Amino acid sequence: MSFYTEKQKDIAERIDADAVKSNWRDWRWQYRHTIKSIEDVERFSSIKFTAKVREKLVKTIKKFPLSITPYYFSLIDQEDYLNDPIFRQAFPFPEELVVNSCDMNDPLHEDRDSPVPQITHRYPDRVLFHISNVCAMYCRFCTRKRKVGDHDSIPNKNELKRAIDYIAETPQIRDVLLSGGDPFMLADSYLDWILTQVRQIPHVEVIRIGTRTPVVLPYRITDSLINVLKKHHPLWINTHFNHPRELTTSATRALTKLADAGLPLGNQSVLLAGVNDCPRIIKKLVHKLVQNRVRPYYLYQCDLSEGLAHFRTPVGKGIEIIESLIGHTSGFAVPTYVIDAPGGGGKIPIMPNYLISWSTHKVILRNYEGVITTYEEPKRYEPVFCDRECEKCTLQLKLHSADEAIGIQKLLADYDDTIALVPENNDRLDRRRNGS
Ligand SMILES: *Cc1c(COP(=O)(O)O)cnc(C)c1O
């Protein structure tokens, strides 16, 4: 019997006396044996809590349940667990029960932007499709913490069919993002059915899957899952590594299988106090990701969901991290740092300032070293006037119907004479309208 590590062997035997190596690598065994109580945490490790702490932890998981895979559990450094990035992502802290005035139940308004159950339609051309309410591990920093452990169910075909019909009836949707829960908690055949249904819709150009299984349950990436995924290209996968320690041998194997199947891989991280709020940790993380053919995609500012206050950093920490990456390392290793706007405004990119000043013919920029430089703008430039009639334009796109601009893009557009965007309930404009 050879487990990956002695520690894994020890944990497996404590959990299940008959466990063998093949169990450890069986994702269903891992899922069946997820650790869900404080008592089991103590039974399966050398970690011991005082009665007072235990009582607080039990109270915390009553509100926000606990679930951790034996695999992820085995990565914890039990000697220094309180500072351990794995432990902090997986185990409750009593601070979760502290409610701040800025905390919200559904900060991103995912429920309100839902035209039919299971769909969040926020952006013009893409939707989030929640196909599973099940996760192997309950990440303590989950933005959907309100729903965690509520009803570990998988919507049935009828329930999903309504959402699929919505996508089919909405021709602007060209990108469908399967999310959850974790989509990879579905059986291969069910996932295959969903992917087939969505793939059949002619206007859907790409499908994406967001999953944390390569991090918390890498054994889920089986050959038979790969065979399903391969049938539905172009299919993009986004995973969710937050710390370099999560890129283990098992995780690397899972990522290799996915990349070898031609699936472009991205990674979304969340900036978490006490876990990865350090430029060096994030740099190490992005380097390990690109070594595994995973492109760092987003670095999220922690959301305003209830129970996450102790994980939040100031926005300046994120800017400092991006400052330490841009120019200092490969461009494709730098994620976009974003704040997902409370109220459903979507993701807003945040960057250090590189544009220092500007005149009619020069821009003044600074680089990552602090060098200040000038870029001289062209003396002559004939702007192409856009009236949205691509067919008559000298640029050769020849579209039959160009999209209408919205937002700031509308203010910039030649063909639209809107000169201002004004918030709703503006008293000054209400007075004008009412003629008083
Ligand atoms: C994040 C998100 C998307 C995808 O956004 P991208 O910037 O295209 O990755 C789509 N819909 C919702 C509701 C989202 O939160």
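Which residues does Tyr-72 touch, not counting residues up to four places away in sequence? In this model Tyr-72 touches Ile-86, Gln-89, Ala-90, Met-137, Arg-212, Val-215, Val-216 and Glu-246, where contact means heavy atoms within 4.5 Å.

Before I go on, a word on the basis: this is a predicted model, in which local features need pLDDT of at least 70 and side-chain atom pairs count only at pLDDT 80 or more, while totals for chains, interfaces and linings use all residues. Residues are numbered from 1 along each chain as its sequence is written, and side-chain values use heavy atoms, with hydrogens and water left out.

Let me turn to the core. Tyr-72, together with Phe-129 and Leu-229, touches the most other members of the largest nonpolar core, which holds 102 residues; such a core is a set of buried Ala, Val, Leu, Ile, Met, Phe, Trp, Tyr and Cys residues joined through side-chain atoms within 4.5 Å. Helix α9 (residues 188–199) supplies the largest share of this core, six residues, helices being DSSP runs of H or I with at least four residues and strands runs of E with at least two, numbered from the N terminus. At least three residues of the core come from each of domain 1 (6–84) and domain 2 (119–349), with bounds taken from an automatic or database domain assignment.

Now the ligand. Around the ligand we find, among others, Thr-120, Tyr-123, Leu-177 and Arg-208, a residue being counted if one of its heavy atoms lies within 4 Å. An N or O atom in the side chain of Arg-126 is 2.6 Å from a ligand oxygen, and for Tyr-298 the corresponding distance is 2.5 Å. Taken alone the ligand exposes 380 Å², of which the protein buries 91%, with areas from the Shrake-Rupley method and a 1.4 Å probe, where for residues only the protein chains shown count as cover. Strand β1 gives the largest share of the shell, three residues.

Finally, is His-243 buried or exposed? His-243 counts as buried because its relative accessibility is 9%, buried meaning under 20%, exposed over 50%, and partly exposed in between (1.4 Å probe, protein chains only). His-243 sits in the loop between β5 (235–239) and α12 (249–260), and, leaving aside neighbours within four places in sequence, is in contact with Pro-85, Gln-89, Val-275, Ile-281 and Leu-285. By contrast, Gly-435, in the segment after α16 (427–434), counts as exposed because its relative accessibility is 66%.

Definitions and conventions: A polar contact is a pair of N or O atoms within 3.5 Å; within protein, one must be able to donate a hydrogen and the other to accept it, and residues adjacent in sequence count only if both atoms are side-chain atoms.
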